[in-house]
Amino acid sequence: MTAATSGPGSDGNIYGRVLNTILGTKIKTVTGYQGSAESMLAIERKEVDGATSVSYAAIKTAQRDWLENKKINLLAQHTLRANPELKGVPVILDFAKSEEDRRVLEMVFARQSIGYPYAAPPNVPANRLEAIQKAFQATLQDPEFLDSSAKIGLLVDGITGRQVQAVLENLYSMPPAITERAKSAMQPPK
């Protein structure tokens, strides 16, 4: 499979290397595309077979007809937890052949589950932090916010601060051998 990506250090290139190394896929990344819009255009023009890092949110927003008319096949979700909108599309961890492979994939793809977290400086008073967290979670459940997001095709899929913390604690508890294998899988071939 050929996959569009921007350059050597891009997610698409790194993910292709990891999938080839850990899962034995045969992905050839084609670099030079300036982001997901150009990658999707390359797919449409049949310059490449697909992409390893175009987000579901980007496809849903920019190429909704691809999903509605089944113009593309979503092969895997590069995240730790399944998106409920993508029933039948396996999470990348489902392809792991061993527990070690699974842990390496967790390490590489964990940030996809976290997305774009909000952070606060140290020593924020507990009551203020709790108020901010509650307000954020209330926004993610607000019917008006959800309705306006749906109208423009935005994917609303937030996780709590505790869930982010759990992902980070899991990553920091990885044995050095897993960390080294993940680093090695992400490196370009010599």
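Author: Thr 79 touches Val 91, Ile 92, Leu 93, Phe 109, Gln 112 and Ser 113, where residues up to four places away in sequence are not counted and contact means heavy atoms within 4.5 Å. This is a predicted model, in which local features need pLDDT of at least 70 and side-chain atom pairs count only at pLDDT 80 or more, while totals for chains, interfaces and linings use all residues. Residues are numbered from 1 along each chain as its sequence is written, and side-chain values use heavy atoms, with hydrogens and water left out.

Thr 79 sits in the loop between α4 (64-68) and α5; helices here are DSSP runs of H or I with at least four residues, numbered from the N terminus. Its relative accessibility is 12%, so Thr 79 counts as buried (buried means under 20% relative accessible area, exposed over 50%, partly exposed in between, with a 1.4 Å probe and protein chains only). The side chains of Thr 79 and Ser 113 are joined by a polar contact of 2.8 Å. A polar contact is a pair of N or O atoms within 3.5 Å; within protein, one must be able to donate a hydrogen and the other to accept it, and residues adjacent in sequence count only if both atoms are side-chain atoms.

Phe 109, one of the residues that Thr 79 touches, has its own set of contacts: Tyr 15, Val 18, Leu 19, His 78, Thr 79, Leu 80 and Ile 92, again not counting residues up to four places away in sequence. Both Tyr 15 and Phe 109 are buried. The structure holds two aromatic pairs. In the pair of Tyr 15 and Phe 109, the ring centres are 4.6 Å apart and the planes lie at 50 degrees, so the pair is tilted. The rule takes rings of Phe, Tyr and Trp (its six-membered ring) with centres within 6.5 Å; planes under 30 degrees apart count as stacked, over 60 as edge-to-face and the rest as tilted. Tyr 15 belongs to helix α1 and Phe 109 to helix α5, so the pair ties together parts 94 residues apart in sequence.

Phe 109 is also among the residues with the most contacts inside the largest nonpolar core, together with Val 18, Ile 22 and Leu 105; this core has 26 residues. A nonpolar core is a set of buried Ala, Val, Leu, Ile, Met, Phe, Trp, Tyr and Cys residues joined through side-chain atoms within 4.5 Å. At least two residues of this core come from each of α1, α5, α8 (161-172) and α9. Its largest share, seven residues, is supplied by α5.

The buried residues of α9 (residues 176-186) are Ile 178, Ala 182 and Ala 185. What covers them includes α1 (11-23) and α5 (99-114).

Asp 11 is partly exposed, with a relative accessible area of 28%, and Arg 111 is partly exposed at 43% relative accessibility.
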